[in-house]
Amino acid sequence: MLNAGRETSSPGTELSENQAKTEKERLIEELQLITEERNDLRDRLRFLTERSKKNRPHFRPNPYYEDLERMEEAVMSILHNLEMENTEIHENSHKLKKEITFSR
């Protein structure tokens, strides 16, 4: 009689848990790839910035400075977009983790 009010897990619940687990794994992999790409872009930017500083004469303006600034803006924009995606994916992963925990 005590078990009369309890529901057992149905195959549909198990399927959604499996889907949530698969989605979580996919998001984690995507997050790792995005983080890796962000770090690579950050390293490239650092390399370009340091290289231009070393090659720059002290009293003459660097003719490539404007090009470098445009490249930096583009890279920083990409970096910002990746960080925003990273944050969004992290939040989605956190939500999925809560859903998985709640469904158990």
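## Ground rules and overall fold

Partly exposed means a relative accessible area between the buried limit, under 20%, and the exposed limit, over 50%. R42, at 31%, is therefore partly exposed. This is a predicted model.

The protein has 2 helices and 0 strands. Helix α1 covers 11–55 and helix α2 covers 65–103. Of the 104 residues, 18% are buried. Among contacts with a separation of 6 or more, 85% join residues 24 or more positions apart.

## Helix α2

Helix α2 has 39 residues. From first C-alpha to last it reaches 56 Å, close to the 57 Å expected at 1.5 Å a residue. Its buried residues are L68, V75, L79, L82, N86, I89, S93, L96 and I100.

## The nonpolar core

The largest nonpolar core holds 9 residues: L27, L31, I34, L41, L45, V75, L82, I89 and L96. Both α1 and α2 give two or more residues to this core. α1 gives the most, with 5.

L27 shows the packing at one point. Beyond four places in sequence, L27 touches I89, N92, S93 and L96.

## A buried asparagine

N86 lies in helix α2. Is N86 buried or exposed? Its relative accessibility is 15%, so N86 counts as buried. Leaving aside neighbours within four places, N86 contacts L31, I34, T35 and R38.

## Salt bridges

The structure holds 6 salt bridges. One of them pairs E30 with R26, the closest N and O atoms being 2.9 Å apart. These two residues sit 4 apart in helix α1, so about one helical turn separates them. An α-helix has 3.6 residues a turn, so residues three or four places apart point the same way. E30 is partly exposed at 30%, and R26 is partly exposed at 41%.

R44 and D40 form another bridge, with closest N and O atoms 3.0 Å apart. Their spacing in α1 is also 4 residues, or about one helical turn. D40 is partly exposed at 36% relative accessibility.

## A bridge between helices

Which residue meets R42 in a salt bridge? The partner is E83, at 3.2 Å from N to O. E83 is partly exposed at 29%, and R42 is partly exposed at 31%. Elsewhere, shared partners join E23, R26 and E30 into one salt-bridge network.

How values were computed. Residues numbered from 1 in each chain as written. Predicted model: local features only at pLDDT ≥ 70, side-chain atom pairs only at ≥ 80, totals over all residues. Heavy atoms only, no water. Core = buried A, V, L, I, M, F, W, Y, C linked by side-chain atoms within 4.5 Å. Buried < 20%, exposed > 50% of the residue type's maximum accessible area, 1.4 Å probe, protein only. Contact = heavy atoms within 4.5 Å. Expected span 1.5 Å × (residues − 1). Salt bridge = Lys/Arg side-chain N within 4 Å of Asp/Glu carboxyl O.
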